[in-house]
Amino acid sequence: MSFELIRTNIIDRVGWITLDRRDALNALNAVMVGEIASALAVFSANPDIGCVVITGSDRAFAAGADIKEAVDRCYPETFLEDFLASWDAIASLRKPLVAAVAGYALGGGCEVVLMCDVVIAADTARFGLPEVKIGVMPGAGGTQRLVRAVGKAKAMDLCLTGRMMDASEAELSGLVSRVVPASNLRAEAQAVAEAISTKSRINTMAIKESVNRAFETSLSEGLLFERRTFQSLFATHDQKEGMAAFVEKRAPQFRGR
Ligand code: HXC
């Protein structure tokens, strides 16, 4: 795959997307979001890939949606084109998605992080939703997913003041899965993604779907969804293989189905 504003590669069943627009701190313009969606579609269709990692540079994961591209927008076109709807391709990936974040993850960059399933942050990472400072508000899920990630009080604080939080505050708040030294970021993200990729793919995809269901439904409906999904895994080869391998004290050979 060859792109203008992102780079992609595959390492041991893990698909990597590296945002590569350094002169603009990886500001997410339409071209870049389209390229991310294309890369995700290719990784999604590749049966050898069990997990995807999205990352940026040392200085910025992404400093937001591209303000320069949006400055002259007006409402009718924004509505008619459903501005920012193309970002839904990131949230709708069915395979697990890991964010490896160093430096700024602001505005739309933070919203991409909120669409990811596991968030590994370098100790240099800084998160925020500063849209309020430029006369708008989060528009790619920030006001909704941040509340679910960190609770109302912290979400209001961040959305209404536009302040940034550092990696340790983000970890304490529940936005981040783990914090690592910046020099270990890629290795740690690869290790996490590999750990996911070596599991049964149908299983990891079902787990992602079930955890995300918690955001969409009542507890009793979510528990029912989980129970039925759990039961359905007994129709897979990988349940037979995983449990047999445990009993026989050997490593499982998953087929992903
Ligand atoms: C376009 C951006 C950008 C962005 C940075 N740049 N963020 N361009 N959109 N979101 C560009 C700068 O214009 C500059 O380009 C270059 O990247 C380096 O940035 P500097 O500001 O010179 O760096 P620094 O002084 O280190 O400050 C870093 C920063 C600051 C604190 C991250 O860049 C900043 O506040 N950026 C905007 C953050 C933000 O508001 N994000 C939310 C966007 S709104 P030049 O050419 O001058 O060198 C959003 C959702 C709303 O995400 C949807 C509508 C867009």
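Why does Glu 248 count as partly exposed? Glu 248 has a relative accessible area of 48%, so it is partly exposed; that class lies between buried (under 20% relative accessible area) and exposed (over 50%), with a 1.4 Å probe and protein chains only.

Before going on, note that this is a predicted model, in which local features need pLDDT of at least 70 and side-chain atom pairs count only at pLDDT 80 or more, while totals for chains, interfaces and linings use all residues. Residues are numbered from 1 along each chain as its sequence is written, and side-chain values use heavy atoms, with hydrogens and water left out.

**Stop 1**

A salt bridge here is a side-chain nitrogen of Lys or Arg within 4 Å of a carboxyl oxygen of Asp or Glu. Arg 250 is partly exposed because its relative accessibility is 34%.

Now select Lys 249. This residue comes just after helix H12 and has a positive phi of about 55°. Most residues other than glycine have a negative phi. Helix H12 itself covers residues 237-247, and its buried residues include Asp 238, Gln 239, Glu 241 and Ala 245. Helices (H or I, at least four residues) and strands (E, at least two) are DSSP runs, numbered from the N terminus. An α-helix has 3.6 residues a turn, so residues three or four places apart point the same way.

**Stop 2**

How many salt bridges does the rule give? The count is 13.

Select Asp 20 and Arg 7, which form one with closest N and O atoms 3.2 Å apart. Asp 20 is in the loop between strand S2 (14-19) and helix H1 (30-45), and Arg 7 is in strand S1 (residues 6-11), so the pair ties together parts 13 residues apart in sequence. Asp 20 counts as partly exposed because its relative accessibility is 26%. Arg 7 is also partly exposed, with a relative accessible area of 40%.

Next, select Lys 154 and Glu 169. Their side chains meet in a salt bridge of 2.8 Å, N to O. Lys 154 belongs to helix H7 (residues 152-161) and Glu 169 to helix H8 (residues 167-173); the pair links distant parts of the chain, 15 residues apart. With a relative accessible area of 25%, Lys 154 is partly exposed.

**Stop 2: the ligand**

Select the ligand and the residues around it. A residue is near a molecule if one of its heavy atoms lies within 4 Å of it. There are 19 residues around the ligand, and Arg 59, Ala 63, Ala 65, Ile 67 and Gly 108 come nearest. By class, this shell has 11 nonpolar, three polar and five charged residues. Ala, Val, Leu, Ile, Met, Phe, Trp, Tyr, Cys and Pro count as nonpolar, Asp, Glu, Lys and Arg as charged, and the others, Gly among them, as polar.

Look at the oxygen atoms of the ligand. A polar side-chain atom of Arg 59 lies 2.8 Å from a ligand oxygen. For Lys 68, an N or O atom in the side chain is 2.9 Å from a ligand oxygen. At Gly 108, a backbone N or O atom is 2.8 Å from an oxygen of the ligand. Taken alone the ligand exposes 1000 Å², and the protein buries 65% of that; accessible areas come from the Shrake-Rupley method with a 1.4 Å probe.

Which elements give two or more residues to the shell around the ligand? They are helix H2 (67-70) and strand S6 (104-106). H2 gives the most, with three residues.

**Stop 3: the loop between H3 and H4**

Select Asp 82, in the loop between helix H3 (75-80) and helix H4 (88-91). The phi of Asp 82 is positive, near 55°. Leu 84 is in the loop between H3 and H4, and has a positive phi of about 85° although it is not a glycine. Is Leu 84 buried or exposed? Leu 84 is buried, because its relative accessible area is 18%.

**Stop 4: Asn 184**

Finally, select Asn 184, in the loop between strand S10 (178-180) and helix H9 (185-197). Asn 184 counts as partly exposed because its relative accessibility is 37%.

Technical notes. A polar contact is a pair of N or O atoms within 3.5 Å; within protein, one must be able to donate a hydrogen and the other to accept it, and residues adjacent in sequence count only if both atoms are side-chain atoms.
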